[in-house]
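Please examine the sequence and the three-dimensional structure shown here. A short report accompanies them.

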Protein chains: 2
Amino acid sequence: MSSKLGKYTYRMDNPPSVLAYAAIGSKKESEGPLASYFDIINEDTTFGEKSWEKAESRLQKDAVNKALSKIQLSTGDIDCVFAGDLLNQCIGATFGLREMGIPFVGIYGACSNMAEGLALSALMVDGGAMKKTIAVTSSHFCTAERQYRFPLEYGGQRPLTAQWTVTGSGAAIVGERVSPPYIKAVTLGCIEDLGIKDANNMGAAMAPAAAATIKRFFEDTCTVPDNYDLILTGDLGQVGSDLLHQLLEREGYHLGKKQADCGLLIYDRETQDVHAGGSGCGCSASVLCSYILPAVKDGRIKNMLFVATGALLSPTSVQQGESIPGIAHLIHLSADDDTKTRPSTAGGM
Amino acid sequence: MSSKLGKYTYRMDNPPSVLAYAAIGSKKESEGPLASYFDIINEDTTFGEKSWEKAESRLQKDAVNKALSKIQLSTGDIDCVFAGDLLNQCIGATFGLREMGIPFVGIYGACSNMAEGLALSALMVDGGAMKKTIAVTSSHFCTAERQYRFPLEYGGQRPLTAQWTVTGSGAAIVGERVSPPYIKAVTLGCIEDLGIKDANNMGAAMAPAAAATIKRFFEDTCTVPDNYDLILTGDLGQVGSDLLHQLLEREGYHLGKKQADCGLLIYDRETQDVHAGGSGCGCSASVLCSYILPAVKDGRIKNMLFVATGALLSPTSVQQGESIPGIAHLIHLSADDDTKTRPSTAGGM
């Protein structure tokens, strides 16, 4: 079972493994620097489906099937899937996975979904109730644009703080400890809202949540940024990443070059016209499941924090003049299974 | 920790308690048969707020605060809140709870939210990771009508299969075993979709999911309807309840008078013009947290199943001609803590 460390962090007594993972992208992602790490790239953004929403559902279904196939598991081997997305009523997940017959727990944490699903997976597997779970989420540029902003055909100008919604999905299968990547700890986030109201500046709205969760993890574990090879935020983009550094600096934590952001890794901002970077549930999920997890698996990254961030706005809340609440959940991933040697309360978990 | 029983059911080794609960309703609920069981009834459906959405957020906030106050707990005593609702991007939950500073796990199971939140709560508490959690959800007639169907002002005619969205909320605090009600087991549902496309007939869309989950629970636990005092479904209404009886009869399970439905308990169909009954996340949540849990607490109900059902449609999926997937999660509630005497694999859990 997991032990609570401090006020917000759960340390896994038997760190679960990420047994398999898969990432899917589309045309824009195929033109970015991480293209070769994706399992499936379909340059047709409809994925052969009749609507963008059906295409997004297809993304989740294909990601789950691809991850299962890598370790020759079938849907019947999975105790539970934790799935969600950005669409109203989460139809990306529910319609994508409805025929699979896996016990289904719908989640909604906006772009923090992948960390939320991994956190629930790790707690359930380490708690002993479940043997194998899947965390999956997705986003699609066209479903997100027409739902959150304008009809695609409107062609509105995007400010420089805007991010580009990733058309992609990532799925990860979590199971009992066998080999790296291990999930060593998770920190569940609280909602943070510092009053940002600009729906074209998600990075600024989410940065305070990322800062709060990272700070709480450091406090709970008595560690500092230098204890980790990488602190990977979800999709703060350039604006949000800069703010995160400033916010944590004030708290005495210097991130320096330890921090990277999924929204900045997935696209080339110089050539791809994405402005502040990538975003969407599928952004951090696909970057984690393509480029990052293999590096933890083979030890190139020994110790890292995955901090997926979500902006909990809706078009209605924006129209009603509300500010944008943010949330961030954190997953401590490691190549080392040092549960027997680690100190019980501090340092180098 | 929880042990898996059969393929879908988790039996709690140390059945968590529902430590406190609160239910809130509004005008329509105050005219129904359960009015006197609610903790707070506010006949002003705006709850003093400037929009229906803000009113729904207020419902969740008030329900959580009321439940906490009953056992003199503060938000700082809670490890995690599992919260969601029917609104796009779940803003009922996120805006209602954003100032509370409780680690927040957003869930989306449509009207099955209360069972989903209780299931996650029970698994986390029995697994030892968490000590105290809250499950909360809500619905509001006006937010639901304008989001799912028409602007309220349109005044469209409602067919007889339609249900009336409850303006209400229920919150339950789950903690380590102290006294009844105990959560003895949970069964997580799979998505079921038999092709129903009528968005004004939620009961028919959800009945197959309820039947599947109840059947799986009976199989996993080797029990039958007669082992329980009450099998309480979420909000199938009259149409869905009739279908549930038929579907389970085919499988050899005779529900008879054991079954009741939250959507039929909360309103008087003769006098309140609600057609097939009540619905919405707040329906099963408020009925459970007002009328039912006190009866389990004082032993009038010894052994019961709470089966909240959700219709996973969205307005977009309906417009695109999709059928309506359903889901149901099940919670086994009991007045008796017979963990020491129960047989290990069968009967009278």
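## Basis of the report

This is a predicted model, in which local features need pLDDT of at least 70 and side-chain atom pairs count only at pLDDT 80 or more, while totals for chains, interfaces and linings use all residues. Residues are numbered from 1 along each chain as its sequence is written, chains are lettered from A and ligands numbered from 1 in the order in which they are written, and side-chain values use heavy atoms, with hydrogens and water left out.

## The two domains

Chain A is assigned domain 1 (2-175) and domain 2 (182-334), with bounds from an automatic or database domain assignment. The centres of the two domains of chain A, taken over C-alpha atoms, are 16 Å apart.

In chain A, 62 residues of domain 1 are in contact with 61 residues of domain 2 (contact means heavy atoms within 4.5 Å). The area buried between these domains is about 4,800 Å², and carbon and sulfur atoms give 66% of this area; buried area is the accessible area (1.4 Å probe) that two parts lose on being put together, summed over both. A:Tyr8, A:Tyr21 and A:Gln163 supply 16% of the area that domain 1 buries against domain 2, more than any other three residues.

## Residue A:Val239

A:Val239 belongs to helix 7 (residues 237-250) of chain A; helices are DSSP runs (H or I, at least four residues), numbered from the N terminus. Its relative accessible area is 25%, so A:Val239 is partly exposed (between buried, under 20%, and exposed, over 50%, with a 1.4 Å probe and protein chains only).

Leaving aside residues up to four places away in sequence, A:Val239 touches A:Thr161, A:Asn201 and A:Ala276. The C-alpha atoms of A:Val239 and A:Thr161 are separated by 6.6 Å, although these residues are 78 residues apart along the chain.

Notes:
Helix = DSSP H or I, 4+ residues; strand = E, 2+ residues; numbered from the N terminus.
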